[in-house]
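User: I am new to this structure and would like to go through it step by step. Could we look at it together?

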Amino acid sequence: MNHYYTDEINTLVLISLLKAHGIRKVIASPGTTNISFVGSIQFDPYFEIYSAVDERAAAFMACGLAEEANEPVVLTCTGATASRNYIPGLTEAYYRHLPVLAVTSTQHEGRVGNYVAQVIDRSEQFPDMVKKSYQIPTVHCEEDKQYTVTAINDAILELHHGENGPVHINLFTTFSNNFITRELPSYRVIHRVINEDFPKIPKGNIGIFVGAHEKFTAEETAAIDEFCKTNNAVVICDQISNYRGKYRFLANFVNSQEKDLGTRKFDLIIYIGYVHGAYLNFYGKETWRVNRDGVIRDPYRNLTYVFEMEEKDFFERYTGNDEGNTLIKICDEAVQKLEKQIPELPFSNMWIAKETAQNIPENSVLHLSILNTLRVWNYFETPSNVLCYSNSGGYGIDGCVSSFIGSAIANKNIEHFMIVGDLSFFYDIDTLFNEIPANVHFMLINNGVGTEFKNYNHRAAYFGEDADKFMAAKGHNGFKNPDIVRSICDNLGIRYFSAVNKEEFIVHKDNWLSKSNAPVLMEVFTTDKDESDALRLMNSIERDTSMKSKLKRSAVGRIAKKIIRGS
């Protein structure tokens, strides 16, 4: 009888990646839930499999085997209390820093706690039993598969990350008896690079994507610039990236167009920084992450390398290929072409950003609340020595104003500017009742609704005006009452201006931007329709004329008409 591999994808991923990372020793204990795994590897000559009936003994055997062989050892057991018997041996491995990978197989997670026979909760582990624990569910879609690939790579790499130690994988099974996979598939392998085995950088278009980032030093900027110069690379930025070198590409405007202007596709993305602020439209064949923490972060599910090192050291290591740079010219020309075609915009946050971004005083700090504000201010450049920040870590509307005030207090000699929507502002309004320094400049965009949910391309647009009450929170906070914020400012010693149209905004703009002996707040009243129209106009300057795009625009147009009619 011929025996092949299981058809359970999560198990195939595990087996494939064990091979890719050079792990071959397995100690198996008898059971049913781990048959998909054991039944797949026992006929594969690559693996060295040893049998141990007692899981407690198996775990201690793994300790001795890992230490003597100086390589990782896999444990595999079934459900019920089998895994509990691993605790003493894994504790030993933890304190002796031995690379033991405990794979405990289990039934569907929904059976936990429901009195299903032989099902226990393995979601929590003792802190000194394993370094990390991973739940690997069954695979039902591509995102499930890519999560599984990333998580199992991470688990295997963790065996040797920092100090060696044991790691746990809880592997779910469907009890499939279809051992029909003749050829073991290959899956994406993630490598961690620290001081050696540096891969060769691919030829082609390289994008350095910078998430939220602290201010770059002159030396860091110079290293990135030299890398870009010699590797045909650009630095894909939003405002909170804070890279201000020669190869900055503020990508939101260009890459939000319906038509691809040749600035979206990259052969490699190098990810530095943390959570990004803009939902930028680009694609990389693979991603390398560079950070001194060396942690696996895989937002695009195509991570292949993590470099545990300083960014400056990485870019200096890969400088000198002398490929030249044509990509920055393509990006710059695309931006310049679009800037010449910007249509007349309605009175909106987008129009305000267009009229104001370049006028933010030099050497100041700009805070942008999420989400619509952060998006539209990413369409226009600010002066090169302005630092930009946003609460992009947790990406919620709460705390935007407080974070801004905290930043302003930290350095009262630098002017601080904030653009904030009405929901974010009123959510965090109690922070105004603290002592506020005079270097604070608020701009409150008050459209009386969560305008993000009213944008033409948001999924809530499907509901038209039915989105107002419970999705977009329309009508809260006095619903654009012109006296509420004015009264608060008057009582707190905050200078107040307001604008309901372009002419009034222009009158007060310089006062808002100017240094003052008191904090300043300008309240700008817009409508959600104008906000949506402005975004649509900016995104459709360069249009895709394909039939697929025409059908998509037609569907969006029907939604927009429904919103206007209110039906």
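User: Leaving out residues up to four places away in sequence, which residues does Gln-257 touch?
Analyst: Please note that this is a predicted model. Gln-257 touches Arg-264, Leu-338, Met-538, Asn-539, Ser-540, Ile-541 and Glu-542, when residues up to four places away in sequence are not counted.

User: Where does Gln-257 sit in the chain?
Analyst: Gln-257 is in the loop between helix H7 (252–255) and strand E11 (265–266).

User: Is Gln-257 buried or exposed?
Analyst: Gln-257 has a relative accessible area of 2% and is therefore buried, as the cut-off is under 20%.

User: What does the side chain of Gln-257 reach at 2.6 Å?
Analyst: At that distance the side chain of Gln-257 reaches the backbone oxygen of Met-538. Met-538 is also one of the residues that Gln-257 touches.

User: Now the whole chain. How many helices and strands are there?
Analyst: The protein chain contains 17 helices and 21 strands. Its C-alpha trace spans about 85 × 60 × 55 Å along the principal axes.

User: What share of the residues is buried?
Analyst: Of the 567 residues in the protein chain, 53% are buried. Among contacts with a separation of 6 or more, 75% are between residues 24 or more positions apart.

User: Which residues have the most contacts inside the largest nonpolar core?
Analyst: They are Ile-208, Phe-227 and Ile-270, in a core of 84 residues. Helix H9 (residues 327–339) gives the most to this core, with 6 residues. A second, separate core has 29 residues, including Val-26, Tyr-46, Val-74 and Leu-101.

User: Which residues does Ile-270 touch, not counting those up to four places away in sequence?
Analyst: Among them are Ile-208 and Phe-227, along with Ile-201, Trp-288, Val-290, Phe-314 and Phe-315. In soluble globular proteins, nonpolar side chains tend to be buried together.

User: A change of topic: where is His-161?
Analyst: His-161 lies in the loop between helix H5 (142–158) and strand E6 (167–172). With a relative accessible area of 13%, His-161 is buried.

User: Which residues is His-161 in contact with, leaving aside neighbours within four places in sequence?
Analyst: His-161 is in contact with Lys-131, Arg-192, Asp-293, Gly-294 and Glu-308. Arg-192 is 31 residues from His-161 along the chain, and their C-alpha atoms are separated by 8.6 Å.

User: Lastly, how many positive and negative side chains are there?
Analyst: The protein chain has 58 positive and 71 negative side chains, with the centres of the two sets 7 Å apart.

Note on methods. Residues are numbered from 1 along each chain as its sequence is written. This is a predicted model: local features need pLDDT of at least 70, side-chain atom pairs count only at pLDDT 80 or more; totals for chains, interfaces and linings use all residues. Side-chain values use heavy atoms; hydrogens and water are left out. Helices (H or I, at least four residues) and strands (E, at least two) are DSSP runs, numbered from the N terminus. Buried means under 20% relative accessible area, exposed over 50%, partly exposed in between (1.4 Å probe, protein chains only). Contact means heavy atoms within 4.5 Å. Lys and Arg count as positive and Asp and Glu as negative; His and the chain ends are not counted. The place of a charge is taken as NZ of Lys, CZ of Arg, CG of Asp or CD of Glu. A polar contact is a pair of N or O atoms within 3.5 Å; within protein, one must be able to donate a hydrogen and the other to accept it, and residues adjacent in sequence count only if both atoms are side-chain atoms. A nonpolar core is a set of buried Ala, Val, Leu, Ile, Met, Phe, Trp, Tyr and Cys residues joined through side-chain atoms within 4.5 Å.
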